[in-house]
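Q: I have a structure open and want to go through a few parts of it. Can we start with the strands?

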Amino acid sequence: MLLTNTSAELLSVLRAQFPAQPPKRLGIAVSGGGDSVALLHLASQCFANEDVELFAATVDHGLRPEAADEAQWVARLAADLGVSHETLNWRGWDGNGNLQDHARRARYALLTEWAHRHQIVTLALAHTADDQAETLLMRLGRAAGVSGLAAMPSRRMQDGVVLVRPLLGVTREALRSYLRSENLAWFEDPSNADTRYERIRVRKVLDSLRPLGLDARVLTEVAGNMSRAREALDWYTFLAAKDLALIDAGDVLLDLRGFRTLPEEIARRLLLHVVCWIGGGRYPPRRVAVAEAMSALRHERSAQLGGCLILNQGRQARICREYKAVEDMRAQMGELWDGRWVLSGAVLPEAEIRPLGPQGLEQCPNWRDTGRPHASLQATPAIWQGESLIAAPLAGESRGWSARLESGEEDFYASLLSH
Ligand SMILES: Nc1ncnc2c1ncn2[C@@H]1O[C@H](COP(=O)(O)OP(=O)(O)OP(=O)(O)O)[C@@H](O)[C@H]1O
């Protein structure tokens, strides 16, 4: 990693983060702060003689009166650099919940939507080595494991857009020197001085860690080491999944003898992957709950985790959706049910998709032929018209209907490698 501050070196660091054939349309998220103003300027220099069209966007969250003027200032800077710019307005704050979290989600949603509108496949963010070091320290404070300590990835997909962070190897100070040497102005976000925010408190602590050698450069390197370790763990979890896990109509069957011989970390990752694939949880389950489920699997007990049931069946465990978690889920015909099932069949008035449940299952005399247990079948999708069961395609009552997973078996294995 190069942590440098000469313009030529910065330009070459930036260029090295993109492939030989860079994206033809590159989006840049510019808040107006020093880091993203530097990224915009650097990118305009870096790709000046290449077939790359730059686009910039600024999100005005409508939370500070100055934000509109700042966005206009970014628009002028972009115009001077020959880059098209758009301001994206968010006015969705209803006063409830965590403002930072809502604003962040809204920002990413607006930016990816904007990228789609302009056929921009790659969107660059200006996170620096200092941001990376702060993220790592915050995660240390939460006793994170390897994945958490890998901190921010240099690229990831969100809503079909590739988000890249080409300045993760560059310090904030290096960018400030660049801005000064190019006579560029920027806005200082007032929240950068607000010690109510954990990140700002961590930033202050980092200052006092520097004499110990714990600076942004070293901590970013640690994050890089962790990221490689995580990749290796993902690979071995993938191999373990191929070896020990089978998909059965949306459930996963785990070979327990093999599972118990896996190193603890690989076994835990495999279990979490299965539970997230079935339960679709946006957040991973709590650590205590995971530890309990792991212990159950080792000691031939059944357990519940992340909206799934882990049924111990002797040589194997069946992991299926938990009825309680889907009890109230309803979808109209043609919509996804439980975020993963697609049902097809005749169009019926006032029909809807609901879980089969215990009452529905009583109306499926052939359910045993499926080879799947009661607990699993209850949580499968069924077609209902009011209180009448029309079809239960996964419980032996297809009656012209079929159910398939939106992301099937391929996705179960492949998504282990897609971080
Ligand atoms: N209002 C904004 N408009 C456009 N881009 C923004 C805006 N705020 C942040 N960004 C982009 O995101 C980068 C990181 O900024 P910041 O650390 O404030 O964002 P974040 O989204 O909270 O980061 P994280 O992904 O770590 O939560 C900026 O350098 C910039 O590229």
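A: Ile310 sits opposite Ile319, a residue of β11. Keep in mind that this is a predicted model.

Q: Which strands pair there, and over how many bridges?

A: Strand β10 (residues 308-312) pairs with strand β11 (residues 316-321) over five bridges, in the antiparallel sense.

Q: What order do the strands have in that open sheet?

A: The order is β7-β8-β11-β10-β9, which makes five strands with antiparallel pairing.

Q: Which strands stand at the edges?

A: Those are β7 (245-248) and β9 (303-305). Each has a single partner strand, so one side of each has no neighbour in the sheet.

Q: And by how many degrees are neighbouring strands turned against each other?

A: On average by 25 degrees, with direction ignored.

Q: Which strands does α12 lie across?

A: Helix α12 lies across β9, β10 and β11. Its direction is at about 145 degrees to β9.

Q: At what angle do α11 and α12 pack?

A: Helix α11 (residues 264-279) and helix α12 (residues 287-298) pack at about 105 degrees, and their axes are 11 Å apart. The two helices, α11 and α12, are therefore roughly perpendicular to each other.

Q: Which residues make the contact?

A: From α11 they are Ala267, Arg268, Leu271 and Leu272, and from α12 they are Val290, Ala293 and Met294. Six residues of this contact between α11 and α12 are nonpolar, one is charged and none is polar.

Q: Changing topic: what order do the strands have in the open sheet of four?

A: That order is β12-β14-β15-β16, with antiparallel pairing. The edges are β12 (331-332) and β16 (388-391). Each of these two has a single partner strand, so one of its sides is left without a neighbour in the sheet.

Q: How many bridges join β12 to β14?

A: Two bridges join β12 to strand β14 (residues 351-355), and these strands run antiparallel.

Conventions:
Residues are numbered from 1 along each chain as its sequence is written. This is a predicted model: local features need pLDDT of at least 70, side-chain atom pairs count only at pLDDT 80 or more; totals for chains, interfaces and linings use all residues. Axes are lines fitted to C-alpha atoms, for helices over the stretch in contact, and angles run from 0 to 180 degrees between N-to-C directions. Angles under 35 degrees count as roughly parallel, over 145 as roughly antiparallel, 65 to 115 as roughly perpendicular and the rest as oblique. Two residues are in contact if their C-beta atoms, placed from the backbone, lie within 7 Å. Ala, Val, Leu, Ile, Met, Phe, Trp, Tyr, Cys and Pro count as nonpolar, Asp, Glu, Lys and Arg as charged, and the others, Gly among them, as polar. Two strands pair if DSSP finds at least two bridges between them.
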